[in-house]
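Hi,

Here is the structure I promised to pass on. My notes follow below it; have a look when you get a moment.

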Amino acid sequence: MKNPFLACCNFIPGVEELRQFALDLGFQGVDWTFTLDNLPKGPEAEAELSRVIHSLQPLEVRYHLAFQGMDLGDEDQAERERALQVYISVCRLISKLGGRFVTIHVGGLGRESSSGLCWHTAIKALQDLVQVASRLGLRLCVENLAWGWSSRPWLYEKLLRLSGAWATLDIGHARVCQPVQTGGYRLKDFVLPHPERVVNAHIYHEENDQGHRPPASLADLESRLRLLDTLPLCHWWVLELREEKALKQTLDVVEEYLLERSSE
């Protein structure tokens with residue numbers, strides 16, 4: 001079985017330092033996160049970003065949009081249309097950068113509840129965005145969150161199926177979401193209806209009030225990594241930790257798993 005590409009986040013500000021750090025640890029890619037605050041503003045900033053991204057070679061780059069409080073399902077029409085236009089603009093930018101995959105969130109990133117969101121308008125806007133992304137050569141992926149619509153396997157399945165979006169499976173979010181914690185659903189219920197739609201994974205143990213926590217041992221991750229191995233297109237594993245010690249701890253566990261798997 002072919003090993004997945006392992007990627008780290010762009011958590012080191014200096015691009016050359018980030019590149020060398022990733023290569024030294026054996027990573028093959030960088031998952032580049034855009035926020036509303038760090039989006040390039042104007043042609044000069046876009047040109048500089050293009051230089052930065054291309055300087056990461058030979059590392060592959062995929063993209064992650066963490067737009068806190070901005071949602072395609074906003075009940076406010078002006079806010080919803082603004083969100084769609086921002087997402088379209090960033091997809092165009094990513095396409096210019098040579099990107100092929102982009103992950104977004106639908107249903108409440110940065111919000112305390114789903115109040116003020118509308119499911120039907122979210123689906124329509126997501127359909128439109130998926131079509132635009134496809135024309136730009138991008139696979140638009142929806143990530144499952146720890147709460148909200150995408151934290152419920154039955155709604156996550158509908159988000160993907162009704163919109164035509166691809167999937168990014170966050171195994172830390174899936175572990176702590178209410179449907180799994182209460183025993184009504186299993187983690188694999190996030191992927192069973194559409195194993196061929198999952199093209200990225202976010203890997204760490206779990207998310208709590210302090211953020212993403214690393215695994216203490218292989219036992220924390222093994223069953224979830226084995227699940228990822230059953231997904232035919234999920235070859236991009238992002239070790240989604242933004243602190244060096246926690247990242248290296250997680251990398252050690254993942255490498256232990258891959259070594260054991262190769263000897264089976």
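**What turned up**

In this predicted model, Asp252, Glu255, Glu256 and Glu260 form a negative surface patch. A patch takes residues with over 30% relative accessible area and no salt bridge, like charges being joined within 9 Å; areas are Shrake-Rupley with a 1.4 Å probe, Asp and Glu count as negative, and their charges are placed at CG of Asp and CD of Glu. Aspartate 252 belongs to helix H9, residues 244–262 (helices are DSSP runs of H or I, at least four residues; strands are E, at least two).

In one of them, glutamate 48 meets arginine 51 with the closest N and O atoms 2.7 Å apart; both sit in helix H2 (43–54), 3 residues apart, about one turn.

In the loop between H2 and E3 lies proline 58, joined to glutamine 57 by a cis peptide bond with omega about 15°.

Residues are numbered from 1 along each chain as its sequence is written, and side-chain values use heavy atoms, without hydrogens and water. Local features need pLDDT of at least 70 and side-chain atom pairs 80 or more, while totals for chains, interfaces and linings use all residues.

Best wishes

Notes:
Patch = residues over 30% accessible without salt bridge, like charges linked within 9 Å, V, L, I, M, F, W, Y side chains within 5 Å. Salt bridge = Lys/Arg side-chain N within 4 Å of Asp/Glu carboxyl O.
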